[in-house]
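The following note sets out points for a colleague who has the model at hand.

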Number of protein chains: 2
Amino acid sequence: MEYQFSERVQNLKPSAIREIFKYAADPEVISLSAGNPSPEAFPVRELAEVSNDILTNRPIDALQYSVTEGYVPLRDFLRDYMKKTHHIGRDFDDVLITTGAQQVMDLTTKSLCNEGDVVLCEAPSFIGSLNTFRSFKVRLRGVRMEEDGMDLEALETALREEPAVKFIYTIPNFQNPTGITMSWEKRKAVYALAKKYGVMILEDNPYGDLRFSGEHIPAIKSLDEDGLVLYSGSFSKVIAPGLRVGYAVAPKAVMQKMVVCKQGEDVHTNIWSQMVCDGFLRRYDFDAHLARLRDIYREKSAYTMDLLDKHLAPYITYHPIDGGLFLWCTLPAGVDMPAFCKQAVLRKVCVVPGNAFLTDEAEPCQSFRINYSTPTDEQLAKGIQILGGLIREIVEK
Amino acid sequence: MEYQFSERVQNLKPSAIREIFKYAADPEVISLSAGNPSPEAFPVRELAEVSNDILTNRPIDALQYSVTEGYVPLRDFLRDYMKKTHHIGRDFDDVLITTGAQQVMDLTTKSLCNEGDVVLCEAPSFIGSLNTFRSFKVRLRGVRMEEDGMDLEALETALREEPAVKFIYTIPNFQNPTGITMSWEKRKAVYALAKKYGVMILEDNPYGDLRFSGEHIPAIKSLDEDGLVLYSGSFSKVIAPGLRVGYAVAPKAVMQKMVVCKQGEDVHTNIWSQMVCDGFLRRYDFDAHLARLRDIYREKSAYTMDLLDKHLAPYITYHPIDGGLFLWCTLPAGVDMPAFCKQAVLRKVCVVPGNAFLTDEAEPCQSFRINYSTPTDEQLAKGIQILGGLIREIVEK
């Protein structure tokens, strides 16, 4: 049969990153290309205890159909916790549990955007979100990143030039892929611009709790007295990603539309997972758990940055990080970045070419992303040494 | 803020069924309106054993990110099992694990349909699927149901008249809401028509394993030598719905597009759930488990049909069933169906008005759907007696 696909999937080309992942499947390859939390960060014993308790004492609740909005005790917990801890959520907001934060991106776009509408996003930005936006045939316009977040002039120019902007997409903390954190001044300015131009903000914050140094900066959503910020949170990085539990704090009017869309996608999020998250949050000390994660990531990122200093300087520069899972490395002018990444793979080290994160993959880019949380220390040492050898060969040749 | 939603969600109106569910939340109301499997059908002990084993011996595998296509051993099991047991799957097919079968409907529509394309569906049909189709702004055209499935003449007329049909949607076994099973002759004819007109078939089969009487009829997918049938299966009715594990057996070319769409929706299906399903299927006797479910549903449906005969005859007729979870009851001509359902709710019995399942809810309809698997025997007895009292009052007045 001759298949006729929808226009929206015809436009979704397999990305460069997928090509890379094929190599990463080779067990001999050191993958610095993933985005997995460190396995030692999972509270395995606690989750098993909670799960065992649920399946022993309330099995039917965990196995039967449930409601689309999410498990009520977990929604209650999050409503209180986010308000108390982060000043997130007003009377006009509510909490929706989703199948991972990825689904927040999907439901937001599905609820707000017609084909041809525009989403403004940081350039570069998280490829998973960009592809979700693309799958609804919205047009992406990238806004250049500075050391402290989006270039505000470029953002306002885009808002002025594009009449069909529906929302601004930002990862304000330890951004994927750059590791950049938006300053408090810029958060206020982005909020003011969104208000001035009548567009929404989709604030994606999977890494905010993984700050291991420097000062905490409040979320843009904490400023939201106008109901224009949709906040996306996730348990993937702070409990475990396999559970696929994320959440949105969103104005109720928007959430109602997202619920209708979610009903049609997966009816509700896995209810066992939701109960396990709820049980973990209520029975154990979540703040102590987060402190333990920060210790793990502080140590591992410092180890990695030392390796980068030792093996890649002076040729490859990187942006030091205060949190999150990624380091953004930049090659000297004149070095062919895609060729470098390909050479690295042939030497059995996998990194992600930076153009994968651009709104237009064909744009020139000198950077690549490495992840330090998934590989072992031995793999990090060996992998970064190989990258160092490669860049030296290229530059000193 | 003045929210501007996408056209697709503006067109999604809250359905009659949602209105009904508000009443059903009242603990005093007897709900015959759900679609939940019977809690006694869940293999609780076995699932707890498998889960405990996984979280003890392979916790990281169950908690870490996984691949979009699904857990490889579960895909392998299903590929073999469906081929051996149901003659489903050819070399051009593959298996995709989804977050419930609802996601199969979503990914199929997203991959195949542009806005304005047409989906042909049974009239009436499952409201959840119809709403998924609607959420992509496809146009639905209903095909009248006969005692043995779709009216073939009406189906061919629709195929001839509508140039933009992308697929035919059918629930061939114990259809939701009518309980009707499509005959083998009609399955062959529907396949031939799809082939003749070059459209696909989305065969949704959540209830096929719940046949408690009569002869098994092979799936339409078992005929598929041309790669035009997309088969949707689910563990919701045969293991547990809270796990949210469904699957598609689809031509590889279509599945590749569905995988790209799924990546943007939820990255992958809850991996613990997938491992639990896999462990249950491999460690226990699945066929014996299905036989036990059939015993439960045979007994409970017979009990319910006896009650219907006793209390609703001669005024309300129903279609006797050989499987599935639903009974389709029809009121005498002249009785106002929506008013009847509203009166029933005021007497604290909840059923689903049949027009909720039509492509156009405004069309006249004399039927309502009841579910017998969720309520207790006592609730069934009391609820059906109340319905009988109500119809008698209306007709004999």
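1. In this predicted model, B:Cys121 stands opposite B:Tyr169, a residue of E6(B). The two strands concerned are E3 (residues 118-123) and E6 (residues 165-170) of chain B, which run parallel and are joined by four bridges.

2. That pair belongs to a wider arrangement. Eight strands of chain B make up an open sheet with mixed pairing, in the order E2-E9-E8-E7-E6-E3-E4-E5. At its edges are strand E2 (93-98) and strand E5 (149-150) of chain B, each of which pairs on one side only.

3. B:Leu327 is placed opposite B:Ile370 of E14(B).

4. How is chain A related to chain B? A rotation of 180° with 0.0 Å of shift along its axis superposes chain A on chain B, with an RMSD of 0.0 Å. This is the relation of a two-fold axis. The same surface serves both copies, since 99% of the contact residues of chain A recur in chain B.

5. The contact draws 76 residues from chain A and 75 residues from chain B. About 6,100 Å² is buried between the two chains, and carbon and sulfur atoms give 59% of that area. Of the area that chain A buries against chain B, A:Met1, A:Leu63 and A:Tyr65 supply 12%, more than any other three residues.

6. Polar and charged pairs also cross the interface of chain A and chain B. There are 38 residue pairs in polar contact and two salt bridges. One salt bridge links the side chains of A:Asp106 and B:Lys110 at 3.8 Å, N to O. Several elements of chain A give two or more residues to the side that touches chain B, among them helix H1 (7-10), helix H6 (102-112) and helix H11 (271-283). H10(A) gives the most, with ten residues. By residue class, this side of chain A divides into 35 nonpolar, 27 polar and 14 charged.

7. Over all chains the structure holds 60 salt bridges. In one of these, A:Glu162 is paired with A:Arg139, with the closest N and O atoms 2.7 Å apart. A:Glu162 lies in the loop between helix H8 (152-161) and strand E6 (165-170) of chain A, whereas A:Arg139 is in strand E4 (residues 139-146) of chain A, so the pair ties together parts that are 23 residues apart in sequence.

8. A cis peptide bond, with omega about 0°, joins A:Ala313 and A:Pro314; A:Pro314 is in the loop between helix H12 (286-311) and strand E10 (317-318) of chain A. The bond from B:Asn176 to B:Pro177 is likewise cis, with omega near 20°, and B:Pro177 lies in the loop between E6 and helix H9 (184-197) of chain B. B:Arg244, a residue other than glycine, has a positive phi near 50°. B:Arg244 is in the loop between strand E8 (229-234) and strand E9 (246-251) of chain B.

Definitions and conventions. Residues are numbered from 1 along each chain as its sequence is written. Chains are lettered from A and ligands numbered from 1 in the order in which they are written. This is a predicted model: local features need pLDDT of at least 70, side-chain atom pairs count only at pLDDT 80 or more; totals for chains, interfaces and linings use all residues. Side-chain values use heavy atoms; hydrogens and water are left out. Copies are superposed by least squares on the C-alpha atoms of residues with pLDDT of at least 70 in both. Contact means heavy atoms within 4.5 Å. Buried area is the accessible area (1.4 Å probe) that two parts lose on being put together, summed over both. A salt bridge is a side-chain nitrogen of Lys or Arg within 4 Å of a carboxyl oxygen of Asp or Glu. A polar contact is a pair of N or O atoms within 3.5 Å; within protein, one must be able to donate a hydrogen and the other to accept it, and residues adjacent in sequence count only if both atoms are side-chain atoms. Ala, Val, Leu, Ile, Met, Phe, Trp, Tyr, Cys and Pro count as nonpolar, Asp, Glu, Lys and Arg as charged, and the others, Gly among them, as polar. Two strands pair if DSSP finds at least two bridges between them.
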